[in-house]
Amino acid sequence: MARRKISIVGGGAAGFFAALAAAEADSSAEIVIFEATAHPLAKVRISGGGRCNVTHACFEPRDLVRFYPRGGRELLGAFTRWQPRDTVTWFADHGVATKTEADGRMFPVTDDSATVVDCLRNAATRAGIILRTGCGVTAVRRSDAGFALTLTTGESHGCAGLLLATGGNKSNAGFAIAREFGHAIEPPVPSLFTFHCDDARLRELSGLSVEDAEASVASAKLIQRGPVLVTHWGLSGPAILKLSAWGARVLHDCDYAFALRVNWLPALRPEAVWEALRRERDANPRRQVTTANPFGLPARLWDRLVVAAGLAETATWSGVGNASLRDLATQLGAGEFAVKGKSLFKEEFVTCGGVRLSEVDFRTMESRRVPGLHFAGEVLDIDGVTGGFNFQAAWTTGWLAGRALGGGR
């Protein structure tokens with residue numbers, strides 16, 4: 001009996017995991033991963049600052065899908081079949097122990113992404129999976145056997161089952177191939193990015209962070225709460241990254257120029273902030289305002305907000321009138337920053353956009369238009385917030401696609 005031939009286009013997390021799932025479902029299959037670059041699993045290697053945020057400690061599918069600005073509804077059923085607990089178990093069974101950090105992110109205990117890369121590559125070798133690097137796919141057509149691939153080397157390659165796992169970069173071949181087969185592509189735009197703000201309140205504060213802040217874009221009805229980090233180009237941190245993910249398309253449409261409002265004290269109602277400032281003024285009239293910070297904010301940030309409210313650095317509380325007090329309360333709870341531009345989050349490139357989800361069967365990740373054609377990972381219009389969620393979508397969709405390609409269910 002002839003061996004079933006399975007081709008996987010893209011040697012990233014989703015592609016490798018699909019290949020491994022297919023090999024598990026059909027150990028006799030001939031499985032080939034085609035990776036256009038010389039560096040398979042490159043994104044795995046650089047993720048999490050080189051530590052690899054494998055997944056997130058969220059083990060209830062209905063809670064898990066809330067971390068996906070796009071694709072959550074479709075992933076609900078998929079996560080009942082393969083979720084973070086399964087990912088952790090799989091890696092443990094393959095020699096990679098993981099640990100959970102306080103914010104729920106999960107990393108290998110080695111704190112080294114090479115542990116994950118080596119695990120996947122070694123497992124693929126043991127399963128007899130063929131990895132061809134520096135070998136992309138330029139075109140695909142239907143054939144009597146299933147599909148005929150044209151490779152960048154000039155060769156042709158035939159297969160019965162095909163997976164596109166080429167990632168979310170708009171220039172990748174996966175989108176062009178999917179489009180040729182009649183699939184609609186939602187335009188890819190960046191998700192997970194930081195904001196450029198050239199503002200006097202932030203200058204020379206790079207590295208300063210506020211653990212609980214609220215960032216919002218009123219014009220787009222976006223709001224997120226969490227840590228905010230000041231960088232040398234503007235603002236970052238989990239609250240900003242989540243805002244960028246949920247607002248990826250609308251912020252792209254306004255060319256990343258918008259008004260960002262930051263509440264540095266979201267745990268307090270505006271009237272409580274006003275009252276705390278008034279009490280401080282009454283209790284310490286001779287004290288310099290910049291040295292009397294009643295909220296525990298970083299001292300350098302407090303100084304900048306005091307000055308932004310129109311007060312001199314040497315001003316004492318006795319000289320602060322109610323109007324200035326209200327201006328300071330506004331700086332603390334509703335300061336506006338002009339955002340003009342963005343930067344990628346570290347070297348990790350995450351997009352929203354991709355193959356339209358309604359055209360994919362999420363039980364098998366098979367095309368509803370072309371039998372035998374499957375999709376996994378960021379080539380789909382799926383993206384999660386930062387914290388291991390994008391990798392989990394890759395593991396889940398890769399596993400489902402691989403199982404189906406290998407004849408399993």
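Me: At 1% relative accessibility, does T397 count as buried or exposed?
Reply: This is a predicted model, so local features need pLDDT of at least 70, side-chain atom pairs count only at pLDDT 80 or more, and totals for chains, interfaces and linings use all residues. Residues are numbered from 1 along each chain as its sequence is written, and side-chain values use heavy atoms, with hydrogens and water left out. Buried means under 20% relative accessible area, exposed means over 50%, and partly exposed is in between (1.4 Å probe, protein chains only). Since T397 has 1% relative accessibility, the label is buried.

Me: Which helix holds T397?
Reply: Helices here are DSSP runs of H or I with at least four residues, strands are runs of E with at least two, and both are numbered from the N terminus. T397 falls within residues 389-405, and that run is helix α13.

Me: Which residues does T397 touch, not counting those up to four places away in sequence?
Reply: Contact means heavy atoms within 4.5 Å. With the sequence neighbours set aside, the partners of T397 are L75, M365, F375, A376, G377, L380 and I382.

Me: How far apart are the ring centres of F67 and F389?
Reply: Rings of Phe, Tyr and Trp (its six-membered ring) pair if their centres lie within 6.5 Å; planes under 30 degrees apart count as stacked, over 60 as edge-to-face and the rest as tilted. By this rule there are 17 aromatic pairs. The planes of F67 and F389 meet at 10°, so this pair is stacked, and the centres are separated by 4.3 Å.

Me: Why is the pair F195 and F258 edge-to-face, and at what angle are the planes?
Reply: F195 and F258 are both buried. Their ring centres are 5.2 Å apart, and the pair is edge-to-face because the planes stand at 85°.

Me: Which residues are linked by ring pairs into a cluster?
Reply: Ring pairs can also chain together. The cluster they form here consists of F17, W82, W90, F91, F391, W395 and W399.

Me: The charged end of R201 sits over which ring?
Reply: A charge sits over a ring if NZ of Lys or CZ of Arg is within 6 Å of the ring centre and within 35 degrees of the ring normal. R51 does this over the face of F107, at 3.8 Å from the ring centre. For R201, also 3.8 Å from the centre, the ring is that of F337.

Me: Which residues have the most contacts inside the largest nonpolar core?
Reply: A nonpolar core is a set of buried Ala, Val, Leu, Ile, Met, Phe, Trp, Tyr and Cys residues joined through side-chain atoms within 4.5 Å. The largest has 82 residues, and those with the most contacts inside it are L120 and L149.

Me: Which helix gives the most to this core?
Reply: The contribution comes to 10 residues, from the run 13-25. That run is helix α1.

Me: The side chain of R281 reaches the backbone oxygen of which residue?
Reply: R281 lies in helix α10 (residues 270-283) and is buried at 15%. A polar contact is a pair of N or O atoms within 3.5 Å; within protein, one must be able to donate a hydrogen and the other to accept it, and residues adjacent in sequence count only if both atoms are side-chain atoms. At 3.0 Å, the side chain of R281 reaches the backbone oxygen of V320.

Me: How many disulfides does the count come to?
Reply: A disulfide is a pair of cysteine sulfur atoms within 2.5 Å. The sulfur of C58 is 18 Å from the closest cysteine sulfur, in C52, which is too far for a bond. C135 is in no disulfide either, with the nearest cysteine sulfur, that of C159, 13 Å away. The disulfide count is 0.
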